[in-house]
Amino acid sequence: MSRVAVVGTGYVGLTTAACLARLGHDVVAADLDAEKVARLRKGEIPILEERLPALVAEGLEEKRLQFVVGAAEAVRDAEFVFLCVQTPQGESGEADLSAVEAVVREVGPLLAPDAVVVTKSTVPVGTAKRIARWLSEAGAAHEVGVASNPEFLREGTAVRDFLEPTRIVIGCEDTAVAVRVSDLYRDVPAPLVVTDAASAEMIKYASNVFLATKISYINSIAVICEAVNADVKDVALGMGYDPRIGRDFLNPGPGFGGSCLPKDSAALLKTAAGIGYDFELLRGVIEVNARQRDHVVGKVRTALGGDVRGRKIAVWGLTYKANTDDLRDSPALEIAARLAEEGGDVHAYDPISGEIAGGQVPGVVIADDPYTVCEDAEVLALLTEWDTFRWLDFRSVAASMATPRIVDARNLLDGVELRHLGFDYRGIGR
Ligand code: UGA
């Protein structure tokens, strides 16, 4: 078993640390935020992520998982240092590597000569080479290895995605180092792709952008379906049986959001521009995604006869997708805020409402009950696909609304049944 340091305890870092401990390694996870570290030591998990609390508790109890303040504290005896710090979108679309650089320069002189620095954070192609340069400038031993080991975790299912991944990708020019990194995962049954660092870094972007492309594609098909009276749900089903296409990521909605697909799409576009390639297809994907948010705002407006001013609008769902408490770049949040900006009297409920601070969504009243938001509302917009919304009592919802209208931006509900209950029901692409 190996000694592993994980730098950064966000979604990726915390999942990586807990899962590597689960696989039997001795893991020290570091964060700069002392208060967060203190909470993690008590097993308090700051994010909503299935199975993570149990795994962290297990790691702490079995002493295979420790939390410390600062990277320096974590890396001293480490054979592997996983970089899981933020790489936010910079001003012109490119990924901002300053946190990665700061950590590498800080830990470089402290690393054992046979240590391997592994990037988990999504970093632009060429970053492994830059890390090697920063390490050498910082005085690290020249034997210190650098590898790229991108993650493919989805929020909400991150633990499962780590322990039962679709593939493990390791990019490194030195095969012996790649073999050492792959050995960390020897108990994980998954295809292994060993390649050079640039290809591994590219696999991450190409995968996320492909997923983004699938979503924009089906959102475009949905717009056409609406106009020609076809049902996009059946269209996606009929397409998805073809294994070359697959059914996943063909759910139309308010567009993709979150901290990954939008950021990675912008970053790859920037990389393409940097080499003088106009990635028209990706520009289209991003444009369609922005338009999809307008499309949903337009649907609510149309449901209200063209004007939202002074009208009570109920919103269900604010997170960027279900089963997460993440609001970053959430289409639902933007749509709710825009309806309020247009003068709508917007009241929103989300299963994580309790954690949403007042004023976080400008102009929107946050409620902690799905029924009260609907009282006297003229339309209900369902913007995030939380499963619990399917099981609510729609008879009482209809009775409490001023006019029973639903814009179901996730095609989550049963339109036939709702129409039967008297709702004016509008889905996406149906
Ligand atoms: C995404 C990728 O799916 C992961 O493989 C990757 O590891 C991760 O980014 C990352 O780079 O860290 P995540 O952002 O957690 O994961 O969420 P997704 O499940 O991919 O959803 C992204 C957005 O697309 C959400 O807004 C979701 O509602 C939307 N979406 C997804 C659709 O509109 N339709 C679909 O069919 C699927």
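Predicted model: local features only at pLDDT ≥ 70, side-chain atom pairs only at ≥ 80, totals over all residues.
**Salt bridges, cores and domains: a chat**

Mentor: Let's start with R293 and E334, which form a salt bridge with their closest N and O atoms 2.6 Å apart. Here a salt bridge is a side-chain nitrogen of Lys or Arg within 4 Å of a carboxyl oxygen of Asp or Glu. Residues are numbered from 1 along each chain as its sequence is written, and side-chain values use heavy atoms, with hydrogens and water left out.

Trainee: Where do R293 and E334 sit in the chain?

Mentor: R293 is in helix α12 and E334 is in helix α13, 41 residues apart, so the pair links distant parts of the chain. Helices (H or I, at least four residues) and strands (E, at least two) are DSSP runs, numbered from the N terminus.

Trainee: Is R293 buried or exposed?

Mentor: R293 is buried, with a relative accessible area of 6%. E334 counts as partly exposed at 31%. The cut-offs: buried is under 20% relative accessible area, exposed is over 50%, and partly exposed is in between (1.4 Å probe, protein chains only).

Trainee: Which residues are in the salt bridge network with R293?

Mentor: The network links R293, D294, D329, E334 and R338. Within it, E334 forms a salt bridge with R338, with the closest N and O atoms 3.5 Å apart.

Trainee: How far apart are E334 and R338 along helix α13?

Mentor: They are four residues apart, which means about one helical turn separates them.

Trainee: And what joins the side chains of D294 and R338?

Mentor: A polar contact of 2.9 Å. That term means a pair of N or O atoms within 3.5 Å; within protein, one must be able to donate a hydrogen and the other to accept it, and residues adjacent in sequence count only if both atoms are side-chain atoms. D294 lies in helix α12 (residues 280-303) and is partly exposed, at 36%.

Trainee: Changing topic: what are the domains?

Mentor: Domain 1 is 3-195, domain 2 is 205-287 and domain 3 is 293-426. Those bounds come from an automatic or database domain assignment.

Trainee: How many salt bridges are there between domain 1 and domain 3?

Mentor: The count is one. E155 forms a salt bridge with R328, the closest N and O atoms being 3.7 Å apart.

Trainee: What area is buried between domain 1 and domain 3?

Mentor: About 590 Å², with carbon and sulfur atoms giving 37% of it. Buried area is the accessible area (1.4 Å probe) that two parts lose on being put together, summed over both. On the domain 1 side, Y11, L48 and E155 lose the most area to domain 3, together 77% of what that side buries.

Trainee: Now the largest nonpolar core: how many residues has it?

Mentor: It has 59 residues, and among those with the most contacts inside it are V315 and W316. A nonpolar core is a set of buried Ala, Val, Leu, Ile, Met, Phe, Trp, Tyr and Cys residues joined through side-chain atoms within 4.5 Å.

Trainee: Which helix gives the most to this core?

Mentor: Helix α13 (residues 331-341), with seven residues. Domain 2 and domain 3 each supply at least three residues. There's also a second, separate core of 41 residues, including Y11 and L14.
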